[in-house]
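Dear colleague,

Please find below the structure that I am handing over to you. My notes on it follow directly after.

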Amino acid sequence: MDVLSDVTQAIRLKGLISGGLELAAPWGMRVPKREHPSFYAVARGNCVVEVEGVEGTHSLAGGDLFFLPRGTAHVIRDARRTRPQPYEKVMSCASRDGRPGSPGDGNGR
């Protein structure tokens, strides 16, 4: 098995919902507390993550992975100065190919 499979088995991860987004600056989303873990794999570029109850920010770059095993509320965005949007708003603007449109443009593009 690979390392990621070993980790998901060790934490008893039973299911996985996955998807991908291709985002261009400025972007940011506020993710509420959830029942399930949150996992991010940064393919390219940079972003910062702020976790509720944890001081400071965590910088991520292409090739980095970030895992929140308890579904803790968090903010993920391109830069600290970018104002995050609610998770639901960002996801409602995403088209089927994973490229989000502009919030409020009505067609996901």
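Predicted model: local features only at pLDDT ≥ 70, side-chain atom pairs only at ≥ 80, totals over all residues.

Residues are numbered from 1 along each chain as its sequence is written, and side-chain values use heavy atoms, leaving out hydrogens and water.

The chain has 2 helices and 7 strands (DSSP runs, numbered from the N terminus: H or I of at least four residues, E of at least two). Along the sequence, their pattern is α-β-β-β-β-β-β-β-α. Of the 109 residues, 29% count as buried (under 20% relative accessible area; exposed is over 50%, partly exposed in between).

The structure holds 1 aromatic pair (ring centres within 6.5 Å; planes under 30 degrees apart are stacked, over 60 edge-to-face, the rest tilted). The rings of phenylalanine 39 and phenylalanine 67 have centres 6.0 Å apart and planes at 65 degrees, so they are edge-to-face. Because phenylalanine 39 lies in strand S2 (residues 38–41) and phenylalanine 67 in strand S5 (residues 65–68), the pair ties together parts that are 28 residues apart in sequence. Phenylalanine 39 is partly exposed, at a relative accessible area of 37%; phenylalanine 67 is partly exposed as well, at 29%.

Yours sincerely

Terms used:
Buried < 20%, exposed > 50% of the residue type's maximum accessible area, 1.4 Å probe, protein only.
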